[in-house]
Amino acid sequence: LCLLTLAVGITVNAAAQTRLMRYPDISRDQVVFVYAGDLWTTPRAGGIARRLTSHPGDEVHPKFSPDGKWIAFTGEYDGNSDVFVIPSSGGEPRRLTFHPGNDRVLGWTPDSKRILFRSNRNSLLPDYTRLFTVPVEGGMPEMLSVPRASLSSFSPDATKIAYNSTSQEFRTWKRY
């Protein structure tokens with residue numbers, strides 16, 4: 001009876017330690033999510049989660065590349081949010097943007113060659129964001145011709161883009 005009570009107490013305590021897991025994304029065989037400000041992956045079929053990052057800054061908005069080889073994410077390092085990429089198998093994150101504007105990862109081009117992100121880098125207003133892409137191997141970001149956008153996604157053939165013109169983060173200002 002004493003061992004059973006101890007086992008139940010440990011199980012309840014472990015469940016109480018679980019915190020909010022956020023920003024999930026799924027590939028063919030893995031799930032990536034944010035827990036305690038770091039990126040974690042777990043097999044899609046279930047199993048043990050594996051930590052990918054451990055930087056003191058936060059990692060948010062992870063997105064698998066369509067081919068499943070990469071995870072792009074927004075890293076809030078050095079007091080700013082920029083676009084980073086890491087192999088989906090793990091490794092050292094690589095920074096792709098170097099601008100004081102807030103860059104937020106939204107997704108990928110269907111060919112897995114460019115990361116789609118939004119940024120206020122070309123605006124005088126903090127919540128007025130434009131869309132950009134940056135090559136996964138690094139290079140200069142390219143601004144897309146969409147005048148103002150937030151959450152966005154390419155069509156499978158990359159000839160069209162679906163987007164929201166304003167961000168959902170500010171919907172409470174209008175009491176939606």
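Asp82 counts as buried in this predicted model, because its relative accessibility is 1%, and yet this residue carries a charged partner, since Arg95 forms a salt bridge with Asp82 in which the closest N and O atoms are 2.6 Å apart. Arg95 itself, at 27% relative accessibility, counts as partly exposed. The pair links distant parts of the chain, with Arg95 in strand β8 (residues 94–95) and Asp82 in strand β7, 13 residues apart.

**Salt bridges**

- The count of salt bridges in the model comes to five, and those that share partners join Asp78, Asp82 and Arg95 into one network.
- Another salt bridge is formed by Arg51 with Asp38, where the closest N and O atoms are 2.5 Å apart; because Arg51 lies in strand β4 and Asp38 in strand β3, the pair ties together parts that are 13 residues apart in sequence.

**Nonpolar cores**

- In soluble globular proteins, nonpolar side chains tend to be buried together.
- The largest nonpolar core of this model has eleven residues, namely Ala72, Val83, Val85, Leu96, Val105, Trp108, Ile115, Phe117, Phe132, Val134 and Val136.
- The elements that give two or more residues to this core are β7 (80–87), β9 (103–108), β10 (114–119) and β11 (130–135).
- Which residues is Ile115 in contact with, leaving aside its neighbours within four places in sequence? They are Ala72, Val83, Val85, Leu96, Val105, Gly107, Trp108, Phe132, Thr133 and Val134.
- A second, separate core has ten residues, among them Leu39, Leu52, Phe64 and Phe73.

- Strand β11 is mostly covered, as six of its six residues are buried.
- In a regular strand the side chains alternate between the two faces of the sheet.
- Both faces of β11 are covered, with Arg130, Phe132 and Val134 buried on one side and Leu131, Thr133 and Pro135 buried on the other.
- Strands β10 and β11 run antiparallel and are joined by six bridges, and within this pairing Val134 in β11 is the bridge partner of Ile115.
- Strand β11 also pairs with strand β12 (residues 142–143) in the antiparallel sense, over two bridges, and in that pairing Phe132 stands opposite Met143 in β12.
- Together β11 and β12 form a hairpin with six residues between them, and Gly138 in the turn has a positive phi of about 105 degrees.

**The open sheet**

- Strands of a sheet pair through backbone hydrogen bonds, either parallel or antiparallel.
- Four strands of this model form an open sheet in the order β1-β2-β3-β4, and their pairing is antiparallel.
- Because β1 (21–26) and β4 (50–51) stand at the edges, each with a single partner strand, one side of each is left without a neighbour in the sheet.
- Strand β3 (residues 38–43) is joined to β4 by two bridges, the two strands running antiparallel, and Thr41 stands opposite Arg50 in β4.

**Two positive phi angles**

- Most residues other than glycine have a negative phi.
- His61 is a residue other than glycine with a positive phi, near 55 degrees; His61 has its place in strand β5 (residues 58–64) and is buried, with a relative accessible area of 12%.
- Ala158 is not a glycine either, although its phi is positive at about 65 degrees.
- Is Ala158 buried or partly exposed? With a relative accessible area of 40%, Ala158 is partly exposed, and its place is in the loop between β13 (152–154) and β14 (161–163).

Technical notes
Residues numbered from 1 in each chain as written. Predicted model: local features only at pLDDT ≥ 70, side-chain atom pairs only at ≥ 80, totals over all residues. Heavy atoms only, no water. Core = buried A, V, L, I, M, F, W, Y, C linked by side-chain atoms within 4.5 Å. Buried < 20%, exposed > 50% of the residue type's maximum accessible area, 1.4 Å probe, protein only. Contact = heavy atoms within 4.5 Å. Pairing = 2+ DSSP bridges. Salt bridge = Lys/Arg side-chain N within 4 Å of Asp/Glu carboxyl O.
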